Amino acid sequence: MNSLKVDQLPELYYDVRSRRWKYRDRKTFASIEAVRTQAERYANEEKQALVKLASSYSEGKIDLEQLQRQAAQTIKHIHLAEMIRGLDKQSDLTPNKFLLVARNLKQQYSSGKDPLTGERFGLSYLAADIAEGRVSSAQLTNRLRMFGESGKVTFWGTKAAIAKDKGLGEARRILGKAEHCRHCPVYAAMGWVPLSELILPTQKCECRTNCQCTVEFRAPREDACRVPLRDK
């Protein structure tokens, strides 16, 4: 389907012929609810594994090259899992979802640029900072944690792509239960906007990947049937 393998879930595999997931042990089909649950669990496990790389590096168990390589692989797992978690139904797994993951991974690896500050980010920049001695053990832990949370943009990007496929042309930002930066309340106050103007959570806000906002989608006409795609 794409160079990015979807076969990432420990207890499930994707059967290309049927375009559905199956359980690895008994080869029976899995419901989309089970797939999403597995994806969420796997993403959380990989986030923890990513943060643990900080202590492995600080304790000398891995070198900088190994840290960068293992972190890149783990971040890929997280983004793929978040893409799967964002699916409404199994047939939503289409090539454009993989392109979305690939674009987001490229940013996380080397080409990221904060639209607010112009600051470059990515694993390559983290590795350079480490090599120059500019990152403490605590800072490394926090930066890897934030890389782990970057999967949110893939999750909401997946939701937005599905909304577009359904003809849900409007969206609005919903504030999460958290202390907000100065930007998120402004975006939430905009209310319903065309989907093309939607600013996804984690984007263009000082929260960055700590952002706790969600998104709601609806058809463009006020009297149209609303089909919300809000995350729990």
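Good morning. In the structure before you, the largest share of the lining of the largest cavity, three residues, is supplied by strand β5 (residues 170–174). Strands here are DSSP runs of E of at least two residues, and helices are runs of H or I of at least four, numbered from the N terminus.

Some words on the source. This is a predicted model, in which local features need pLDDT of at least 70 and side-chain atom pairs count only at pLDDT 80 or more, while totals for chains, interfaces and linings use all residues. Residues are numbered from 1 along each chain as its sequence is written, and side-chain values use heavy atoms, with hydrogens and water left out.

pLDDT is the predictor's confidence in each residue, from 0 to 100. The mean for the chain is 92, and 91% of its residues reach 70 or more. Over residues 223–229 the pLDDT is below 50, although this stretch has 20 contacts in the model beyond near neighbours in sequence; a contact means heavy atoms within 4.5 Å. Where pLDDT is low, the predicted coordinates should not be read in detail.

I return to the cavities. On a 1 Å grid over the protein atoms alone, a cavity is a set of points where a 1.4 Å probe fits but cannot get out, and lining residues have an atom within 4 Å of a point. Two cavities of 30 Å³ or more are counted. The largest holds about 70 Å³ of space, and its lining includes A171, R172, R173, Y187 and M190. By class, that lining has six nonpolar, one polar and three charged residues. Ala, Val, Leu, Ile, Met, Phe, Trp, Tyr, Cys and Pro count as nonpolar, Asp, Glu, Lys and Arg as charged, and the others, Gly among them, as polar.

The second largest cavity holds about 40 Å³. L64, L67, Q68, A71, L123, L126, A127 and I130 line this space, with α2 (64–85) and α4 each supplying at least two residues. Its lining has seven nonpolar, one polar and no charged residues.

Finally, how does α4 pack? The axes of α4 (residues 123–131) and α5 (residues 137–149) come within 12 Å and cross at roughly 175 degrees. The two helices are therefore roughly antiparallel, a term for angles over 145 degrees. L123, Y125, L126, D129 and I130 of α4 meet L140, R143, L144 and F147 of α5, giving seven nonpolar, no polar and two charged residues.

Helix α3 (residues 95–111) packs on α4 at about 20 degrees, with the axes 5 Å apart. That makes α3 roughly parallel to α4, the word for angles under 35 degrees. Q108, Y109 and S110 of α3 touch L123, S124 and Y125 of α4.

Notes: Axes are lines fitted to C-alpha atoms, for helices over the stretch in contact, and angles run from 0 to 180 degrees between N-to-C directions. Angles under 35 degrees count as roughly parallel, over 145 as roughly antiparallel, 65 to 115 as roughly perpendicular and the rest as oblique. On a 1 Å grid over the protein atoms alone, a cavity is a set of points where a 1.4 Å probe fits but cannot get out, and a pocket is an open set with protein on both sides within 12 Å along at least five of seven lines; lining residues have an atom within 4 Å of a point. Grid points are joined across faces, edges and corners, and a volume is the space filled by probe spheres set on the points.
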